Amino acid sequence: MDPSEDPSMEPTLETLPTFYAERIGGPLPLTLLPPDQPLHWQGQTLFGTARGTDPPYLLQSTIDSILSEAPLGHFSVGFWGHGMNSHAFYYQRREPWCSLFLRLAYGGFYDDNERAARQIRATMEWFAGFLPIVSARARHCIVVDSMGDAIFRICLHDGKVIEGDGPLFEHERGPAEALGPLLAGP
């Protein structure tokens with residue numbers, strides 16, 4: 001039965017950490033969840049601030065929209081997919097200091113889901129430590145990592161810009177080399 005036909009079957013935000021841990025092999029860093037905003041079920045196992053007619057930003061073609069049009073305070077986290085191979089873990093956030101669009105492959109028919117789980121776990125654990133640093137030291141940060149296509153641009157308070165084509169963080173390599181000055185401290 002489709003959970004939308006029976007609200008009692010809808011996943012709840014309380015089940016997301018368990019669902020995440022079962023699939024990814026470790027806990028979802030709860031510091032990545034907004035403490036002051038209610039999150040609503042958006043379908044499958046995706047939760048966010050959007051309600052009803054607000055569009056969830058789920059496809060490659062919606063990246064520009066989330067970066068420029070999503071309301072400040074927009075947030076989504078969880079798993080969503082369609083078809084046989086377009087499944088992912090999502091972490092999206094739009095605040096005055098950041099616009100993040102993470103769409104990390106997981107759950108597709110042809111995916112190496114064990115490897116993807118390790119990448120997601122390492123990425124989210126790293127982001128839990130990175131976001132407080134960048135929120136304190138940057139005027140604005142844009143991060144996009146969508147199924148392997150990635151860019152980042154971080155504008156520091158002193159006017160310096162750190163940017164790159166590629167993931168901000170990779171499980172096997174760690175953070176992008178360009179982040180060295182930011183991570184080293186003031």
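A cavity here is a set of points, on a 1 Å grid over the protein atoms alone, where a 1.4 Å probe fits but cannot get out; grid points are joined across faces, edges and corners, and a volume is the space filled by probe spheres set on the points. This is a predicted model, in which local features need pLDDT of at least 70, side-chain atom pairs count only at pLDDT 80 or more, and totals for chains, interfaces and linings use all residues. Residues are numbered from 1 along each chain as its sequence is written, and side-chain values use heavy atoms, with hydrogens and water left out.

**The cavity.** The structure holds one cavity of 30 Å³ or more, and the volume of the largest cavity is about 50 Å³. Select Leu 102, Leu 104, Thr 123, Phe 127, Val 143, Asp 145, Pro 167, Leu 168 and Phe 169, which line the largest cavity (an atom within 4 Å of a point). Next, colour strand 5 (98-105), helix 3 (113-137) and strand 6 (138-146): these elements each give two or more residues to that lining.

**The fold.** Switch to cartoon and count four helices and ten strands (DSSP runs: helices H or I, at least four residues; strands E, at least two). From the N terminus the order is α-β-β-α-β-β-β-α-β-β-β-β-β-α.

**The whole chain.** Zoom out: the C-alpha trace spans about 55 × 35 × 30 Å along its principal axes. Colour by burial; 45% of the 186 residues count as buried (under 20% relative accessible area, 1.4 Å probe, protein chains only).

Note on methods:
1 Å grid on protein atoms, 1.4 Å probe; cavity = no way out; pocket = protein on both sides within 12 Å on 5 of 7 lines; lining within 4 Å. Buried < 20%, exposed > 50% of the residue type's maximum accessible area, 1.4 Å probe, protein only.
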